[in-house]
Amino acid sequence: MSRRLPTHDHHRRATLGVAAGFLLAGCVLSTALGFRDDDASAGGATTTTTTELAIGHLVLSEIVTGGASASDELVELYNLGATALPTEGLELIYVTASGATITRKASWAAGSPQIPAGAHLLIANEAGVYAAIADLTYANGLAASGGSLALRVLGASSAVDAVGWGTAVSSWLEGSPVAAPAAGHSIERLPGGAEGSTQDTDQNALDFVERAVPDPQNSASSPVPTSTPAPSPSVEPSGSPTPTPSVIPSSTPTPTPEQTAQPTPSPRVTPSPSPTPSPTPVVLTVAAARSLTDGSAATIEGITLTDGAFTDGGGYLADATAGIAVLVSDGTFPGGVLLRATGTIDDRYHQRTLRTTAADVTVLGPASDPAAISAATGEIGEVLEGQLAAISGVIASATQLSGGLAFDVDDGSGPIRVVVGALTGIDTAAWERGTTVILRGVVGQRDSSGTGSAGYRLQPRSPADVVAVIPPPTSTPTPSPSPTPSDTPIESPSPSGSPSASPSRRPPRHPGSSPSLRPARPTAGRDGGSAAW
């Protein structure tokens with residue numbers, strides 16, 4: 001009897017009709033894998049139905065999204081059925097949390113080996129610690145914060161099995177996603193371990209549990225759960241139903257089960273570093289790393305403009321293309337060195353940040369600061385974030401912060417906040433309103449508004465970043481000139497015996513008035529007030 005299921009049931013084990021020319025001639029893959037009925041076409045326009053078989057199928061059984069290194073990843077497949085199942089014609093895909101990008105991690109061509117009942121197949125990141133024990137490897141990584149993995153027929157729109165974790169919201173998962181595991185932990189399908197990963201309720205959050213110690217198993221591991229063979233029947237005497245001493249020869253012991261009848265489980269494979277050096281990771285430019293989606297893994301190199309504890313958001317690193325904040329969760333790094341760091345791209349208060357660990361940070365050697373980029377105060381923004389910039393402007397206001405002082409500095413193009421940390425050693429006693437400052441610092445962002453376009457700041461690192469502090473101009477009063485006599489005093493006429501006045505020898509400059517002093521020129525006071533002439 002056959003039945004038709006809804007085409008939107010993406011991640012039930014789908015019954016996918018596969019054409020004979022696509023796989024081996026005459027092979028019906030959906031029957032061999034125990035898929036259930038569903039639509040195999042990419043557009044969902046047609047549905048192929050076959051008989052649903054009550055047999056097992058392949059599932060994703062354990063996943064690690066990163067450990068001491070972001071590349072320490074693994075994906076484990078498991079055959080929870082009672083018979084061997086083929087892998088030919090299948091592919092393993094990784095889907096970003098939003099579902100926008102699908103990447104193939106592994107695929108199996110016609111003639112690929114089957115997975116025995118209860119057995120595993122291990123796929124791992126080629127740059128990680130699990131590559132040495134993996135059956136297959138892949139390049140690039142998984143986002144630790146969220147994503148999905150799915151096993152499907154090549155190019156199909158439905159999955160044989162799918163698992164989503166963390167922030168995954170795409171359709172490539174079953175039910176609700178399981179919580180994202182901590183670094184170095186795994187998510188494993190229940191019950192797990194020696195009991196096998198046999199629980200499959202089509203609810204990722206219910207079927208998986210976080211394990212502090214991953215238990216990767218590859219194709220060389222023993223099938224689980226291990227079935228204990230039934231004990232061999234006791235040898236019945238061949239003589240009379242009533243046993244007598246002569247029935248059992250003394251020279252022949254009673255047969256007992258052979259010691260080898262109980263299979264000895266192969267030891268579990270435990271991860272160990274590869275004896276050969278790990279491949280050098282692909283190093284991205286800082287600009288390329290900044291453009292990645294949140295949760296993406298990246299390795300970058302650049303000059304550290306500050307140490308790793310410069311702010312509560314970490315320190316800063318820049319190369320010739322851009323700058324970025326680097327936040328080490330369990331350590332720090334020195335300033336003034338060439339640094340390589342591997343981690344996860346994220347935003348912190350809208351500041352682009354590489355989150356990493358001390359184990360993933362390597363100092364490659366000493367380095368000098370790059371030249372500071374001269375910019376107008378109103379131009380400080382996203383393009384310069386994480387880089388060293390230089391400005392000149394006038395202090396408009398000052399604000400006390402818990403960890404220092406903030407000054408709004410403007411050169412006429414728009415203000416930029418200059419944040420001077422208490423531990424920088426910069427003396428700001430003379431930084432009053434109207435003071436002109438010429439300085440450099442690292443551009444950061446702390447936007448609490450949620451817009452993503454606010455909160456930019458320039459952060460000088462030490463007194464060496466302060467080039468000049470010019471006090472505001474003051475009006476110096478012009479000294480009042482001492483009164484100067486007018487022209488040479490006019491001689492008084494000498495008295496004469498004649499009653500009539502004699503004309504003076506020099507007529508006065510101002511007839512009809514007495515000689516007087518010229519008034520002092522009025523001057524401006526210190527407060528800048530004007531005086532009328």
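Among contacts in the protein between residues at least 6 apart in sequence, what percentage join residues at least 24 apart? The share is 61%, where a contact means heavy atoms within 4.5 Å.

## Basis of the model

This is a predicted model, in which local features need pLDDT of at least 70 and side-chain atom pairs count only at pLDDT 80 or more, while totals for chains, interfaces and linings use all residues. Residues are numbered from 1 along each chain as its sequence is written, and side-chain values use heavy atoms, with hydrogens and water left out.

## Overall make-up

The protein has three helices and 24 strands. Both kinds of element are DSSP runs numbered from the N terminus: helices are H or I with at least four residues, and strands are E with at least two. Of the 533 residues, 39% count as buried. Buried means under 20% relative accessible area, exposed means over 50%, and partly exposed lies in between, with a 1.4 Å probe and protein chains only.

Four strands make an open sheet in the order 6-5-9-10, with antiparallel pairing. Two strands are said to pair if DSSP finds at least two bridges between them. Strand 6 and strand 10 (161-166) are the edge strands, each pairing on one side only. On average, neighbouring strands of this sheet are turned by 20° against each other, direction ignored. For such angles, axes are lines fitted to C-alpha atoms, for helices over the stretch in contact, and the angles run from 0 to 180 degrees between N-to-C directions.

Strand 5 pairs with strand 9 (residues 146-153) in the antiparallel sense over seven bridges. Across this pairing, Thr96 stands opposite Gly147, and Leu92 stands opposite Leu151. Strand 5 also pairs with strand 6, again in the antiparallel sense, over five bridges; here the bridge partner of Leu92 is Ala106. Strands 5 and 6 form a hairpin with five residues between them, and Gly99 in the turn has a positive phi of about 85°.

## The two faces of strand 5

In a regular strand the side chains alternate between the two faces of the sheet. From strand 5, Leu90, Leu92, Tyr94 and Thr96 point one way, and Glu91, Ile93 and Val95 point the other way. Seven of the seven residues of strand 5 are buried.

## The largest pocket

Rolling a probe the size of a water molecule over the atoms shows where empty space is left. Grid points are joined across faces, edges and corners, and a volume is the space filled by probe spheres set on the points.

The largest pocket has a volume of about 830 Å³. It is lined by 37 residues, and the closest to its centre are Asn140, Gly141, Ser296, Ala297 and Ala298. Strand 5 (90-96), strand 6 (102-107) and strand 13 (297-304) each give two or more residues to this lining, with strand 13 giving the most, three residues. The lining of the largest pocket divides into 16 nonpolar, 17 polar and four charged residues. In this division Ala, Val, Leu, Ile, Met, Phe, Trp, Tyr, Cys and Pro count as nonpolar, Asp, Glu, Lys and Arg as charged, and the others, Gly among them, as polar.

## The second largest pocket

The second largest pocket has a volume of about 660 Å³. Its lining holds 25 residues, of which Phe310, Thr311, Asp312, Val419 and Gln459 lie nearest the centre. Strand 21 (415-421) and strand 23 (456-459) each supply at least two lining residues, and the largest share, three residues, comes from strand 21. By class, there are nine nonpolar, 10 polar and six charged residues in this lining.

## Backbone exceptions

Most residues other than glycine have a negative phi, and most peptide bonds are trans. Asn140, in the loop between strand 8 (136-138) and strand 9, has a positive phi of about 65° and is exposed, with a relative accessible area of 60%. His350, in the loop between strand 16 (337-348) and strand 17 (351-366), has a positive phi near 70° and is partly exposed at 29% relative accessibility.

The peptide bond from Leu190 to Pro191 is cis, with omega near -5°; Pro191 lies in the loop between strand 11 (186-189) and helix 2 (204-207). Val224 and Pro225 are also joined by a cis peptide bond, with omega about -5°, and Pro225 lies in the loop between strand 12 (208-211) and helix 3 (286-290).

Terms used:
1 Å grid on protein atoms, 1.4 Å probe; cavity = no way out; pocket = protein on both sides within 12 Å on 5 of 7 lines; lining within 4 Å.
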